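I opened this entry to keep track of what I looked up, strand by strand and chain by chain. The notes follow the order in which I checked things.

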Amino acid sequence: MIQRAPSTVGETRRDDSSRRVRRAWARREESLWRVGGRVATLVPVGALAFLLVVLAVKAWPAIKVSGWGYLTGSAWLPGSTYGGVEKVHGVAIPVGAHYGAWPLLAGTLQTSAIALIFAVPVSILTAFALTEGLPGRIARPLGFVVEVVAGIPSVIIGLWGVLVLGPFLAHDVYPLVATHVPNVPVLRYFGGSVGYGEGLLTSGLVLGLMIVPIIASTTRDLFLQVPALPQEGARALGMTDAEVARRVTLPWVRSGVIGAAVLGLGRALGETIAVAMVSGSVLGVVSPNLYGTMTTIAATIVSQLDSAATDGTGFAVANLAEAGLLLAAISIAVNLAARAIVRRSGALGAPVGRA
Amino acid sequence: MDEVTRHHDADAHVASVLRTLDPDRDRPADVLAAEHLTVGFGGQGVLRDVTVALPRGTVTAIIGPTGSGKSTFLRTLNRMNDRVRGFERHGDVLLDGESIWSPSHDLLAVRRRVGMLFQRPNPFPMSIRDNVVAGVRAHGIARGKQLDVVAEIRLREVGLWDAVKDRLHGSPYRLSGGQQQLLCLARALAVGPEVLLLDEPTSALDPMSTEAVEALFKTLTPALTLLVVTHNLGQARRLSDATILFYDGELAEHGATAQVFEQPRDPRTARYVQGLVG
C-alpha cells in the first residue's frame with residue numbers, strides 16, 4: 001500500500017495556485033512578445049517610409065523645375081541672393097538659380113568605388129592574418145586594435161587625412177604614378193596634376209581606411225565560424241594555407257563577406273565629415289583625373305546647408321533634399337543589388353550549420 | 001665494347017624495364033613506417049613508442065577504445081598534427097624509407113602522397129566537378145579540358161558518375177551522405193596518393209552506403225595502401241589484412257587480422273575484440 005505524506009497535499013495545492021498565476025503571466029508575456037514584436041518591426045519600416053516621404057515632399061519643387069536634368073547637370077548655382085525671384089514650372093526660384101547633381105553623384109560613386117577596391121582585399125588579408133597567418137598571442141590583441149579603429153570618430157580620421165595623409169600622398173606617392181603614365185586615353189586618367197592631397201583618390205583612400213575595420217572584423221568572425229572539417233580536408237589534400245583560404249574558407253562565407261562589404265559601402269556612400277574635409281569640397285565639376293578636387297552628395301549637404309537656408313524661396317534646400325533623396329535611393333539600390341549577388345553566389349555555397 | 005660493359009648495359013636495361021612494369025620494385029616493401037613514434041600535446045602524452053610498418057598494397061585496420069590514440073596516430077602520418085598547439089614528437093615516420101619531416105620532403109608533396117578521408121564527408125563549397133579536381137588543380141597535375149576528363153575518371157572510379165553526370169556543376173551538399181563521402185574519396189584519389197588514411201570513414205553513413213564504400217576500398221588495393229581507423233570491429237575484419245590495436249597510447253597488438261581476432265596475444269586485445277571493453 002502506498003503511503004502518502006499528508007503534508008504534501010497542502011503544498012501541492014499551493015504549488016498549483018502559484019503555477020496558475022505564473023502561467024497567466026507567461027501568457028501575458030507571450031502576447032507582449034507577439035504584439036510588441038509586430039509594433040517594433042514597424043519602427044524601422046515606418047521611419048524609412050516617413051523619411052522618404054518627407055524628403056520627396058521637400059525635394060518636390062526641385063524635381064519639378066529640373067526634372068531629369070538634375071541628374072545630368074553640373075552647375076550648382078544658388079542664383080540671385082538679393083531677392084530677384086522668377087517662376088519656373090510654377091515654382092518660385094531665385095533668378096539664375098541652377099542646380100545639377102551629376103558631379104556629386106559621380107563623386108559619391110567614385111570615392112565609394114575606390115574605397116571598396118582598397119578595403120575589400122585589405123580586409124580579407126587582414127582577416128586571414130588574424131585567423132591563420134599569425135600566432136594567437138599576436139592575433140588577439142591585433143584583432144582588438146582593428147575593432148578599436150572601427151570606433152574612431154570620422155572627424156578625427158578626416159583631420160588626419162587632411163593634415164597628414166593627403167600631403168604625404170600628394171608629395172611622395174601620387175607623383176610616382178602620375179609622372180610615369182603615358183598621355184593616352186584611359187591611362188591619362190591616372191596622370192596629370194596630383195594637386196595638394198585633397199581630392200578624389202585621397203577621399204577614396206580615407207573612406208577605404210574607415211571601412212577596413214568593419215569589413216575586416218566581420219570577415220574575421222566569419223572565418224572563425226567556418227567548420228574545421230572542410231579546411232582540414234583541403235589541407236590533407238596538400239593545399240597551402242592560401243589555397244585553403246581562397247578555395248574553401250572564403251567561398252564558405254562568401255555571402256557574409258559580400259554583406260560586410262555592402263555594410264562598408266553603405267558607410268562609404270554616406271560618410272560626410274571626413275570626405276568634406278579631404279575632398280577639396282569643389283562644387284560643379286567632375287574631377288578630370290584620379291587626383292582632382294571634388295565633392296560628394298553627403299559632403300555637399302553638410303557644407304551647403306547653412307547657405308541654402310538663406311534662400312528665401314526654399315529652392316536651395318529643395319535641391320539639397322533632392323540630393324538626399326538620391327543618396328537614399330543609391331543606398332537602397334546597393335542593398336538590393338547585394339541581395340541579388342548573394343542569392344546567385346549562394347547557389348554553390350555551403351548550407352548554414354553544416355560541417 | 002668489352003664483355004663486362006655489355007653485361008652491365010643489359011642488366012641496366014632489364015632493370016629499367018622491370019621498373020616500368022612495377023614502379024614499386026626498387027622501393028622499400030613498407031611504404032609507410034612509424035619508428036618509436038611518441039606524440040604528445042603540451043606535455044600530455046598521447047602515443048608512446050609506436051613502431052609499426054605498412055606493407056605496400058595492403059589494408060591495415062586500427063582498432064581500440066576511444067582516446068587510445070588511433071586518430072592522433074593517423075593524423076601524424078600526413079603531418080596534420082604539426083600545427084596543433086603544443087604538438088611534440090619523438091621518433092619518426094618513414095615514407096619510402098625517408099622521414100616525412102626531412103627537409104627534402106615537401107609538406108604538400110607528403111600530403112599528396114599520403115591522402116586522407118575523414119569521419120564525416122567534407123565537400124568544399126564549390127561544384128561537384130570542382131570538388132573532384134580541387135587537389136589536381138592545386139598541384140598543377142592537370143588543367144583546362146583535362147580536368148573534365150580527370151573528374152569523369154575519378155567519379156566513375158567511385159561509382160558516382162551516373163548519379164552526378166547531369167549535375168556536375170551543381171552543389172555537392174545536395175548529395176546524400178554516402179554520395180558525399182564517395183565524392184570526397186574521388187577527390188582524394190584524384191591527386192594519385194600512394195597511401196590513403198581513413199579516419200572512421202563510414203561512421204556517419206548508413207549500412208547500405210557503408211557497404212558501397214567498403215566494396216570500393218577493396219578495389220583500391222594493391223595500387224594503394226590503406227590504413228583505416230574504425231570502431232566497427234566487423235569492418236576491420238571484413239576489410240583488413242592486418243589489424244593494429246591501440247590501447248592507452250600504446251600499440252597493444254599488431255598482426256594478421258585473423259590472428260588478432262581469433263588468437264589475440266595480448267589479453268587487452270582479447271577483451272576488446274570480444275566486446276568486453278571499449
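**Entry 1: strand E3 of chain B.** I started with burial. In strand E3 (residues 59-63) of chain B, five of the five residues are buried, so the strand is largely enclosed by the rest of the structure. I note here that the model is a predicted one.

Which strands pair with E3(B)? One is strand E8 (residues 225-229) of chain B, parallel over four bridges. In that pairing I found Thr60(B) opposite Leu227(B). Strand E9 (residues 242-247) of chain B also pairs with E3(B) in the parallel sense, over four bridges. There, Ile63(B) has Leu245(B) as its bridge partner.

**Entry 2: the open sheet of chain B.** I looked for antiparallel pairing next. An open sheet of four strands in chain B runs in the order E2-E1-E4-E5, with antiparallel pairing. Its edges are strand E2 (44-55) and strand E5 (98-99) of chain B, each pairing on one side only.

Strand E1 (residues 30-41) and strand E4 (residues 87-95) of chain B are joined antiparallel over eight bridges. Leu32(B) sits opposite Leu95(B) of E4(B).

**Entry 3: chain B as a whole.** I counted elements: chain B has eleven helices and ten strands. Its radius of gyration is 20 Å, close to the 19 Å that the globule rule gives for 278 residues, so chain B is as compact as a globular protein of that length. The C-alpha trace of chain B spans about 65 × 60 × 40 Å along its principal axes.

Of the 278 residues in chain B, 44% are buried. I also looked at contact range. Taking contacts in chain B between residues at least 6 apart in sequence, 67% join residues at least 24 apart.

**Entry 4: the nonpolar core.** Which residues have the most contacts inside the largest nonpolar core? I list Ile211(A), Ile215(A), Ile62(B), Ala186(B), Leu197(B), Leu227(B) and Val228(B), in a core of 149 residues. Helix H6 (residues 200-225) of chain A gives the largest share, 14 residues.

Beyond its neighbours within four places in sequence, Leu197(B) contacts Leu74(B), Leu77(B), Asn78(B), Val114(B), Gly115(B), Met116(B) and Leu227(B).

**Entry 5: where the chains touch.** The contact takes 23 residues from chain A and 24 residues from chain B. On the chain A side, helix H7 (228-236) and helix H8 (241-252) are the elements giving two or more residues. H7(A) has the largest share of that side, seven residues. By class I noted 14 nonpolar, four polar and five charged residues on the chain A side.

**Entry 6: Ala316 of chain A.** Is Ala316(A) buried or exposed? I count 26 other C-beta atoms within 10 Å, and 20 or more are needed, so Ala316(A) is buried. Ala316(A) belongs to helix H12 (residues 315-345) of chain A. With neighbours within four places in sequence left aside, Ala316(A) is in contact with Pro78(A), Ala308(A) and Asp311(A). I also checked Pro94(A), 222 residues away along the chain: its C-alpha atom and that of Ala316(A) are 9.0 Å apart.

Technical notes:
Residues are numbered from 1 along each chain as its sequence is written. Chains are lettered from A and ligands numbered from 1 in the order in which they are written. This is a predicted model: local features need pLDDT of at least 70, side-chain atom pairs count only at pLDDT 80 or more; totals for chains, interfaces and linings use all residues. A residue is buried if 20 or more other C-beta atoms lie within 10 Å of its own, exposed if 12 or fewer, and partly exposed in between; C-beta atoms are placed from the backbone. Two residues are in contact if their C-beta atoms, placed from the backbone, lie within 7 Å. Two strands pair if DSSP finds at least two bridges between them. A nonpolar core is a set of buried Ala, Val, Leu, Ile, Met, Phe, Trp, Tyr and Cys residues joined through C-beta atoms within 7 Å. Ala, Val, Leu, Ile, Met, Phe, Trp, Tyr, Cys and Pro count as nonpolar, Asp, Glu, Lys and Arg as charged, and the others, Gly among them, as polar. The radius of gyration is taken over C-alpha atoms; the globule rule is 2.2 Å times the number of residues to the power 0.38.
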